[in-house]
Amino acid sequence: MSLVSFSDVTRFHNRQDVLRGVTLSIEPGERIGLVGRNGAGKTTIIRLIMGQEAPDGGQVSRAKGLRLGYLPQDIMAQADQALLGMVLDTDPEFRRVEGELREIEERLAATAGLSQEEQTALADRHGHLLERFEAMDGWGRESEAKKVLSGLGFQESDFQRSLSEFSGGWVMRAVLARLLVSKPGLLVLDEPTNHLDIDSLMWLEGYLKGSPSALLLVSHDRVFLNNVAQRIVELRQGRADSYPGDYDQFLEEKARRLATESAAYANQQDRIRQMEKFIERNRVRASTARRAQSRVKALGKMDRLSQPDDGTGGSFNLSLPRGRRGPDVVAELKGVSKSYGRTRVYADLSLTLLRGDRLALVGPNGRGKSTLVKLLAGLTAPSSGLLRLGQNVDLGYFSQFQMESLNPCLTILEELAKVAGHLTQGPLRTILGGFLFHGEDVFKKVSVLSGGEKTRLVLCKIMMSAPNLLIMDEPTNHLDIPGRQMLEDALDDYPGTMVLISHDRHFINRLCDKIGVIEDGRLIVHPGDFDDYQRLWLSDPSSISGQDSPSPLWQDGPGPQAGPDKAGPAKEGQDKAERPGGRHQAAQDRKRQAALRRPLEKRLEETERRISAIAGRTGELEASLCDRAVYQDGRKAKDLRVELAGLYEEKRGLEAVWEETALELETVANGQG
């Protein structure tokens with residue numbers, strides 16, 4: 001049975017039909033990515049699912065007893081409670097069972113005044129509640145909560161801190177953790193990646209793929225959708241079109257469907273024109289008037305197709321001003337340290353930016369990425385060391401705070417004209433069209449713009465100033481997928497030097513050729529895009545050892561010329577096969593495989609033996625805790641419960657070790673180790 005189903009649902013907003021006859025179902029355990037341009041109806045779909053709105057036509061059905069978990073884009077103020085307590089406080093029924101268990105154990109421990117019948121009744125009740133407690137994963141809830149909080153970037157020292165001490169972005173993470181721990185039947189996430197760094201984002205991908213909850217996900221992160229979604233539902237022209245597979249597969253299938261729709265629309269338009277010409281030529285002739293009238297009736301009954309719309313708002317060839325050529329060395333930092341009070345962010349930071357460099361800064365929040373771009377932009381000064389910009393460097397800097405510099409009383413067109421020099425309205429409107437401001441949109445006041453629209457306007461102004469050093473701190477945060485695509489297109493041919501902070505891996509891969517990672521107050525720069533970094537550098541931490549050098553920091557060993565060439569591994573394998581002594585090499589490979597396999601097989605056997613032993617002991621403990629006599633000794637009952645909880649926890653850890661070892665063994669067996 002479907003968890004949620006839409007049957008011919010229609011919904012109007014301000015006399016505009018946002019949804020027209022939408023039929024959609026969400027099945028248990030499936031993960032759906034919900035996409036569409038802003039205003040297409042994604043929020044409406046969510047509100048209908050959550051019961052916050054009612055359809056104007058059709059029916060929205062929810063499975064009986066369905067538990068919904070919803071993460072909106074904006075989080076209301078949370079109660080002033082400890083972080084871990086808030087995450088665990090997900091189920092009133094669990095709190096009731098836990099509280100009653102504690103109360104019964106206290107009464108059984110103090111047996112004075114209790115008759116044998118009362119003790120028996122309490123022990124029976126305790127056994128029943130214990131079964132409920134275990135079914136609700138009572139032993140593992142706190143461990144699971146701590147695991148989720150750690151995955152989302154919290155430290156153990158944060159667990160007992162009050163929520164009031166955290167910023168809005170971290171409160172959003174805390175609420176997300178609470179939802180994940182609660183394991184609802186359907187998890188509805190609206191832009192969950194907005195406040196996550198790449199490490200937390202990648203952890204969340206893995207967690208969601210292993211979660212038993214069904215998922216409805218609204219996200220503008222294309223890689224996230226690729227890695228998590230099993231089906232894409234696109235809202236377009238009031239309807240919901242479903243596509244099996246991930247986001248890339250959706251794009252391919254959508255292109256095929258659009259081609260079919262466009263051909264059908266063109267054929268129908270040709271037929272309409274032919275019929276209209278026939279009617280025009282023949283309606284006044286007595287001999288053909290009847291046939292002309294039949295064509296009029298046929299046109300009136302025709303179910304006319306809508307002109308296909310790809311849902312992106314169209315594309316433009318941007319013609320932006322070109323800045324002056326920058327120097328060979330655009331910026332240089334030598335021995336830079338930076339502290340805020342007693343907190344040291346950098347100690348002995350060195351970096352050289354050359355003309356044409358495209359550097360993305362990635363890594364957990366709080367490492368100093370924003371501090372580095374502020375240093376480069378001149379918004380903060382180093383505590384010590386040298387920071388120098390080259391001659392003729394024209395700086396363009398984007399951050400979310402710059403949206404506050406827009407004049408709310410001006411129109412979009414007037415705001416852009418402030419930096420446009422002599423350009424007239426026609427060229428300005430063409431440029432704004434490239435930034436997805438179409439038609440009469442250019443006359444909208446800044447005060448009514450959404451966050452994404454303000455972001456696009458600020459970016460448009462920066463690009464109009466023609467910088468040769470462009471620094472951007474999270475430019476994609478408020479942009480939908482068409483907006484991100486627009487920005488990628490605008491920057492693709494940008495000839496200057498670029499430094500950006502972003503958690504959008506698709507955006508980084510498209511635009512950047514170097515990845516900068518901050519470790520212990522120093523910057524390590526890896527050649528290649530994010531996929532290269534993840535595949536070649538992140539998977540081999542032993543290779544990460546930056547050098548004290550003011551130039552881009554290569555790893556110890558081969559220099560840049562031996563860096564991550566994507567064709568390298570294939571060529572290496574080919575050369576090995578063609579070398580003399582290939583048979584000897586194959587024997588050596590088999591020996592190496594066996595040497596790798598033996599310790600893994602041994603670890604697997606030992607893990608299985610321990611899991612089996614734990615299963616036997618937990619069975620004994622569970623049987624003991626169902627015995628009324630145990631509760632005559634309150635301390636003994638408590639010790640048994642503590643031991644049982646420890647064994648449950650150990651078993652979870654061993655199962656994770658078993659899965660990881662089995663995967664390693666499979667990799668080695670396939671010759672990939």
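These legends go with a set of close-up views of a predicted model.

**View 1. Phe-154 and Trp-170 make an edge-to-face aromatic pair.**
Searching the whole structure turns up 6 aromatic pairs, and this view picks out one of them. The ring centres of Phe-154 and Trp-170 are 5.0 Å apart with the planes at 65°, and since an angle over 60 counts as edge-to-face, that is the label this pair gets. Phe-154 is buried, at 3% relative accessible area, whereas Trp-170 is partly exposed, at 24%. Look for Phe-166 here too: together with Phe-154 and Trp-170 it forms one aromatic cluster.

**View 2. Phe-530 and Tyr-533 pair up within helix α17.**
Here the ring centres are 5.7 Å apart and the planes sit at 55°, so the Phe-530 and Tyr-533 pair counts as tilted. Both residues lie in α17, which covers residues 530-538, and they are 3 residues apart, or about one turn of the helix.

**View 3. Arg-257 and Lys-338 each sit over a tyrosine ring.**
Start with Arg-257, which lies over the face of Tyr-243, 3.9 Å from the centre of the ring. Then move to Lys-338, whose charged end is placed over the ring of Tyr-340, at 5.0 Å from the ring centre.

**View 4. Helix α3 packs against helix α4.**
Two packed helices are described by the angle between their axes and the distance between the axes. For α3 (residues 92-109) and α4 (residues 116-135), the angle is about 150° and the axes are 10 Å apart. The crossing of α3 past α4 is left-handed. On the α3 side, the residues in contact include Phe-94, Val-97, Leu-101, Ile-104 and Leu-108. Among their counterparts in α4 are Leu-122, Ala-123, Leu-129, Leu-130 and Phe-133. Sorted by type, the contact has 10 nonpolar, 2 polar and 8 charged residues.

**View 5. Asp-348 and Glu-474 have positive phi angles without being glycines.**
Most residues other than glycine have a negative phi, so these two backbone spots are worth a look. Asp-348 has a phi of about 65° and is found in strand β11, which spans residues 343-354. With a relative accessibility of 44%, Asp-348 is partly exposed. Glu-474 has a phi of about 55° and lies in a loop, the one that runs between β15 (469-473) and α15 (481-492). Is Glu-474 buried or exposed? At 16% relative accessibility, Glu-474 counts as buried, because the cut-off for buried is under 20%.

**View 6. Helix α1 has a set of buried residues, and Gly-51 follows the helix.**
Which residues of α1 (residues 42-50) are buried? They are Lys-42, Thr-44, Ile-45, Ile-46, Leu-48 and Ile-49. Just after α1 comes Gly-51, with a positive phi of about 80°.

Note on methods:
Residues are numbered from 1 along each chain as its sequence is written. This is a predicted model: local features need pLDDT of at least 70, side-chain atom pairs count only at pLDDT 80 or more; totals for chains, interfaces and linings use all residues. Side-chain values use heavy atoms; hydrogens and water are left out. Rings of Phe, Tyr and Trp (its six-membered ring) pair if their centres lie within 6.5 Å; planes under 30 degrees apart count as stacked, over 60 as edge-to-face and the rest as tilted. Buried means under 20% relative accessible area, exposed over 50%, partly exposed in between (1.4 Å probe, protein chains only). Helices (H or I, at least four residues) and strands (E, at least two) are DSSP runs, numbered from the N terminus. A charge sits over a ring if NZ of Lys or CZ of Arg is within 6 Å of the ring centre and within 35 degrees of the ring normal. Axes are lines fitted to C-alpha atoms, for helices over the stretch in contact, and angles run from 0 to 180 degrees between N-to-C directions. A crossing is left-handed if the near helix is turned anticlockwise from the far one by less than a right angle, and right-handed if clockwise. Contact means heavy atoms within 4.5 Å. Ala, Val, Leu, Ile, Met, Phe, Trp, Tyr, Cys and Pro count as nonpolar, Asp, Glu, Lys and Arg as charged, and the others, Gly among them, as polar.
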